[in-house]
Every structure is written in C-alpha cells, then in structure tokens.
Number of protein chains: 2
Amino acid sequence: MDRVAVIAASMTDFGQRDGWLRDLLAEAGSACIDGGPVSPSEIEHLYVSNMAGGEFEGQGGIANLVAHDLSLLPAYTARIDQTSASGGAGVYAAWQSVASGAADMTLLIGGEKMTHRTTGEATDVIASLTHPVEYKHGVTLPSFAGLTARQYLHQYDAPRESLAHVAVKNHRNGVDNPHAQFQKTVDIETVLESPLVADPLRLYDFCPITDGAAALLLCPESVATSYTDSYATITGIGGATDTHVVHERPDPTVMNGVVSAAQQAYEMADISPDSIDMAELHDMFTILEFLQAEDLGFFEKGEAWKAAMNDITARDGDLPVNTSGGLKSKGHPLGASGVAQVYELYQQLCGTAGKRQINAQTGLACNVGGFGNCVTTTILEGRQWLMNQGSLLLDMRAER
Amino acid sequence: MDRVAVIAASMTDFGQRDGWLRDLLAEAGSACIDGGPVSPSEIEHLYVSNMAGGEFEGQGGIANLVAHDLSLLPAYTARIDQTSASGGAGVYAAWQSVASGAADMTLLIGGEKMTHRTTGEATDVIASLTHPVEYKHGVTLPSFAGLTARQYLHQYDAPRESLAHVAVKNHRNGVDNPHAQFQKTVDIETVLESPLVADPLRLYDFCPITDGAAALLLCPESVATSYTDSYATITGIGGATDTHVVHERPDPTVMNGVVSAAQQAYEMADISPDSIDMAELHDMFTILEFLQAEDLGFFEKGEAWKAAMNDITARDGDLPVNTSGGLKSKGHPLGASGVAQVYELYQQLCGTAGKRQINAQTGLACNVGGFGNCVTTTILEGRQWLMNQGSLLLDMRAER
C-alpha cells in the first residue's frame, strides 16, 4: 500500500492570542498552504482537531466555518475530538482519509482558544473529560499528576529534582522555538521554589494555558514526490485507550494506552524503540515525560528519571525529547498539541528546524488525552528521498 | 480493495429519555454487540458521533467514557462532530478506519441527549453552528427553512400542501417503527393548522428535539462472511460542504453539498440515481426532503413536490423515502440521526424491517449538517450474498 506523507506543516505563535478559534485555525491553515505547490482546490478533506470550542467560546460547526474561511469548498470536513489528544486523533483521521483512498490531499488543522477564560474555567472544562465519579470528588488532571508523581518518586527511588530537570530541559529547548509561548530558560531552583500546585508538583511542573493552532498537509507518498523533494512519511501510527477511571489502574505509573498505541505504531513501521532518533512527548506535567519515555520502550521502567538527570533526553543527548520545548514551554492549546508535535518532527526530519536542528531520520510523537485515558502515537521518517537522491548522485558521479 | 460491510446495527428508543448521553450510547452499543458473533475484545476502533455533549450536559471525553462502559479497552476511540451530520461523518470515519486497514472491526455509536434542556436552549446550541455573522442577526436553522420554503414554493409553483404531504407520509411510516418518537399519524389539516413557526412552515413541518442513540458494526466484507450471512455493504460514500454563510448561495433551493457528496458516492458505487431503491433523507424540516430528493438526482429540480403529492415517495411508491419515519417522526438526536439512517437501510436490505419492510437491494442515506453546510452520503447494497447463495442453490438443483 502507498504510504502517507506529510508534505507541508505550520504552526501559529502559541501563547495569549487575540481573535477567535476560527482566526487561529485559518492562520495555521493559510501558513500551511499559501505559497506552497498545492492549491486550495486540490484539498479534498479538511479535519479540524479541537476539544472544546463550543464550551470555550460557543462556536459550533468550526470545521465548516474554517473550510469557508480558507475557501476550501466543497472539501469534506469534520471535527475530531479526543480531549487533549485531539491533535493526534486528527493525525490518525487524516492518515486514514488518505490511506483509505477517500482523499488524495487532506489538510489537518488543530487548535484551541483558551486564554480568554479564567484558569479555573479552563481547568473545569478540561476536568469534564474525567470519569463522572472522579469528577464529582473534585479530581482534576493536575491532582492526578501530583498523586502519580508522588507514587513514581517513591516506587523508583527518584529525587524530586529529577522532575525539575524535565522543565529545565524543555524550557531550554523552547528558547530556540520562535513559536513557543515561553522563550526563556528556568533553573532547577526556580522550579523547586515555584508555588505548590499538587504536591509534590509545583507551578513549573505544569504546562500553561495556551491559544494556538498547527496544521499538516497529507497525501499519498506517490503524490508527494510530484509536489516536493522535502517531506516526511508516516511509517507507523496507532491509538489506544486506558481505564477511564484512573484509580482502577493497578500501577498508576504505567500508562497502558501508551504501551498499546506504541506497539501498534512500532509494528506498522516494523522498527523497535531503539530506532527512534527523537521524540515529542506529551509533557502536560513533567511526570508524564517519564511515564511515556518508559512506556514507549525508550528506557526500562523507573529509569527515565536517570536519563533526564544525565541529559540523555537533552537536545544534544542520545535521545532528544521535546526539542520543540514540549507542551511545558511551547504551550498546550489542547486540539493543536498533537498536530504541533508532528510539525516539530516534520521540521527536524526535513532539516528546517533552525536553531533547534538535530540530526534525526526517525521521530515519534506521543499525544495523550486525559491522564493517559486515550493515546495516539505517530512515527515519521524523513529525508529518505533526499538521501536516495544523494546516493543516486554519488552513483552517477562514480559512473562518470 | 476489500469493501466495507455493516454486520450489525441497533438503535435505542428515540424520544424523551432518562439518564445521560453515556447511558444512551452504551445502550445502543450493547444492543449492537450483545448476543452477536463479535466479542467486545475484537473491536479495535470505537467512534462516537456527537455534536454537543459538552454544551448540553458538560461531559467531555465521551468516546473514552463509552469505551470504558462497554469494556472495549484498549480500543482506540475518537469523537466525531459534524453538527447535525455528525452521524454521517461517523459512518465516513468508521468506513475509513476499516478501508485504510487501521481496524478490522469498528464500532460506531452516534447519540445526543437534548430534552433536559429547554427548546430555546437546544435551538441556541444548534444555532451556534451557523456563521457568526448570520448568528448575530438572530438567524436559526428554522428561520433558514422558512425562507427557503417560501422561495421553493414561489420558484416552482408548488402548493403549500405539498410540504404537508412530507409530514403526513413520514408520520405514517413512523407508526410502524417501534423506536420512533412519534408513532401516530397526522393528517394534512393538522399540519396546516398547527402553530406557525417560520412562515410558511408550521410546527408539524419540523422534527422534534430528541434523545437517542444508534450503532453500527463495520468490518471488511471478507471478514463479514465469517461472522454472518446477513449484512449490507457500503458501496459508495462521500462528503462535501456548501457555503457556511447561507445567504451567499446563488439559489437557496439548491444544496451544492448534497450534489457533490452524492456525485462521489454514485461514482464510487458505479451507479446512477435510478438504481437507488429507497432513501433515508434528512427531513429536519419538510422542505429539506424536497431539496435533497432533487439534488440527489431522484427528481428534476422543482419536481419533488409533485412526487410527494403523487405518493411516489410513499412506502409503496416507486422510490420510498424515509420508511423509518424520518427525522420528522422518528426524532432527531443530532449525533444519532446519520447512524440511524444507515440502521434503517441495514434493516431493510437485510429483510428485518418488520412491518416497514419493503423490497429493496440498494439504499441511500443523506445526512445534512447546518442548512446543507456539510453533507455525507452513503450507499448500501444488501442481500447480495444471500441472493448469490440462492442462485447457487438453484444452480445446484439444476445440475442434479
């Protein structure tokens, strides 16, 4: 079967933005197609990843509205909601639309507009995704994070500082991302002395509330080559759920949804975790970066904290994690985040990541909804075509 | 490519229901799989079609929650929102999940819980899908329907009574649908004397506000045959959008989204409109049944009203439309309706429609979001396998 390629990607500046969700989505969509080789009339499907546009600003029919704003008619449209993993679910939907033959050119735009609401209001909308029984008891995602972090530190004898290393690293990466909400470094002390939110986690262990959008253009690989030399290919993709009642999990430090989604993606790509050169993980809370790095098979269970402290996941480490700055520093506009993760992979694999550029040919994105309730994992490989071209040129030269 | 089959279908009673959206979705999902040949552990993807669960009852993460309630873990889940066409978009998503090879067994459940809100509140949530410029001027979908009905009657010299015929016919069909919200006949006079809502349309020209859910189980046709002798195959499917600003349409009596989505479905099924034996159309307002019947190519433009008055679309007519009772009498729980349309086709094509049973081998469902802003069209063919078996038996007998 023809594989699915990402031939263009964009993201807006993340942060506190003016305007409406539709404006952000249109901005990302335009940036993805304007000036590129694909004309709007060639786009057959448009998917919009968005968790709660209705709840946040009372706008329904957002996918239709954006198709109108971008003059994509009569492209088919739908909105994909998978809570904080809406972006990853959008990638999966867009992949399916191309892989099934339904569309030969699909635009995916993910976004969320949140900062016009108070932190309390936004937290409550997000908490509505938890199980009603847990919600009723006042549980929010930050409280799950606090409980799980406590358990992890205890179970694996990890120091509190290890979590702070995640924040410090991701802020350092964010400095070089011109779209990141926070482009400033923080030090260990700042993290450890920031206000307590959910013991042991403090303010700097949490991602911010963010407005923003990101977009991807997908088509069959056979079509991609006629448009561009620079694209990345989705070689593996999968999705899974874990218990919706978080307290039912036998070991709260294991996210079965991540394990299962990763398994599917690795199997499809026919590779193992050690073939991954870089990863964008869902560090909504610092503790989540450890859990995912372990459940994805990058490190043994209980070992990710050591990797963070030994700079293995730093940008110049053996396995760079969140070169984009992650949700922690880049920001987390719910429906955008999973799309922005793939945007970062695309930039890195195509060699256009600017100051953040690393040497990577295979990247993995893990997008988590709820507290691991739903997960999507996407593996991208890049520069194969350029590399082959390179070899071809060498061959040609050798023949002379 | 292997085609996609519907191997089971269910719907809850539609109407005013107790409980929450999750209860309705679980009820439909259970009815679709319980006692059937497919065990929950075989279901790889679950899609939930739902327009506004967050707005109506403050529950997010509904697809995860239902996966939990139905013990489908670790199946991948996502929620599909395409306003009133969410159900059809769910069918398209489920089709893509199977056709792309992502899943070999996909459960789709569509539903909405609305009646706990006032009619005004529900109408406002629905109106949030319109373009902000039109919304600001107080436009709601019923007002579009009134304006368009006036235009249609004028443009095609149709009598007001023709619209009433749609309501009368669909109520007559609904009498034989044990799941319909209204199982009672109405006469022309009752429709014409009911309270005025949006001139010239009256109360009985409108579908009700409804709670309910419906479900479908989909898999590759090659897999279907190992589970059941009785299934229907999706031979054509497509989706499209029209202008999101309704007043921008050159002729408001033409729904370009319907024309375009139908074209895709006919092309894929390699048939023309005259091969369709029955149709489930989106009669949210009586006028919509005329527009769709024409834009789908069943009748020339401006002729559908004559077909209604001449009983051509009646259950014993040449082209039965809305044998289920349609949205008008069956009810319209937004996210469920497009799924329930395919449920009706499945029942009719498999010969299990009870008192409503007609003789049909090919059926079409047209699900409309907004006022034609987004549309999906699905063509199902049924009983092919049974028929082939029948011929085979005859052949075998002849050979003896």
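Let's start in chain B. Strand E4 (residues 106–112) is joined to strand E7 by seven bridges, and the two run antiparallel. Helices and strands here are DSSP runs, numbered from the N terminus: helices are H or I with at least four residues, strands are E with at least two. Two strands pair if DSSP finds at least two bridges between them.

Quick housekeeping. This is a predicted model, where local features need pLDDT of at least 70, side-chain atom pairs count only at pLDDT 80 or more, and totals for chains, interfaces and linings use all residues. Residues are numbered from 1 along each chain as its sequence is written, and chains are lettered from A and ligands numbered from 1 in the order in which they are written.

Back to E7(B). B:Gly212 in E7(B) has B:Glu112 opposite. Strand E1 (residues 4–11) of chain B also pairs with E7(B), in the antiparallel sense, over seven bridges. There, B:Met11 stands opposite B:Ala214. Is E7(B), residues 212–220, buried or exposed? Mostly covered: eight of its nine residues are buried. Buried means that 20 or more other C-beta atoms lie within 10 Å of the residue's own; exposed means 12 or fewer, and partly exposed is in between, with C-beta atoms placed from the backbone.

Now the core. A nonpolar core is a set of buried Ala, Val, Leu, Ile, Met, Phe, Trp, Tyr and Cys residues joined through C-beta atoms within 7 Å. Which members of the largest one touch the most others? Of its 268 residues, they are A:Val6, A:Leu216, B:Val6 and B:Leu216. Take A:Leu216. Leaving out residues up to four places away in sequence, A:Leu216 touches A:Val6, A:Ala9, A:Cys32, A:Ala94, A:Leu108, A:Val339, A:Val342 and A:Tyr343. Touching, or contact, means that the C-beta atoms of two residues, placed from the backbone, lie within 7 Å. In soluble globular proteins, nonpolar side chains tend to be buried together.

Next, helix H12 of chain A, residues 286–295. Ten of its ten residues are buried, so H12(A) is largely enclosed by the rest of the structure. The buried set includes A:Glu289, A:Glu294 and A:Asp295, along with A:Phe290 and A:Leu291. What covers them? Among the covering elements of chain A are helix H7 (141–155), helix H8 (160–174) and strand E10 (362–369). After H12(A) comes A:Gly297, with a positive phi near 90°.

On to domains. The bounds come from an automatic or database domain assignment. In chain A, domain 1 is 4–116 + 210–235, and domain 2 is 133–207 + 236–387. Their centres, taken over C-alpha atoms, are 23 Å apart. 42 residues of domain 1 of chain A are in contact with 41 residues of domain 2 of chain A. On the domain 1 side, H4(A) gives the largest share, eight residues. By class, that side has 18 nonpolar, 20 polar and four charged residues. For the classes, Ala, Val, Leu, Ile, Met, Phe, Trp, Tyr, Cys and Pro count as nonpolar, Asp, Glu, Lys and Arg as charged, and the others, Gly among them, as polar.

Now strand E3 of chain A. Six of its six residues are buried, so E3(A) is largely enclosed by the rest of the structure. A:Tyr76, A:Ala78 and A:Ile80 point one way; A:Thr77, A:Arg79 and A:Asp81 point the other. Inside chain A, strand E2 (residues 45–49) pairs with E3(A) in the parallel sense over five bridges. A:Tyr47 stands opposite A:Ala78 there.

E3(A) also reaches across to chain B. E3(A), residues 76–81, and E3(B) pair in the antiparallel sense over three bridges. A:Ile80 stands opposite B:Ile80. A:Arg79 has B:Asp81 as its bridge partner.

How many residues are in contact? 47 residues of chain B with 47 of chain A. E3(B) gives the most to the chain B side, with six residues. That side divides into 18 nonpolar, 25 polar and four charged. 100% of the interface residues of chain B are also interface residues in chain A, so the copies meet through the same surface.
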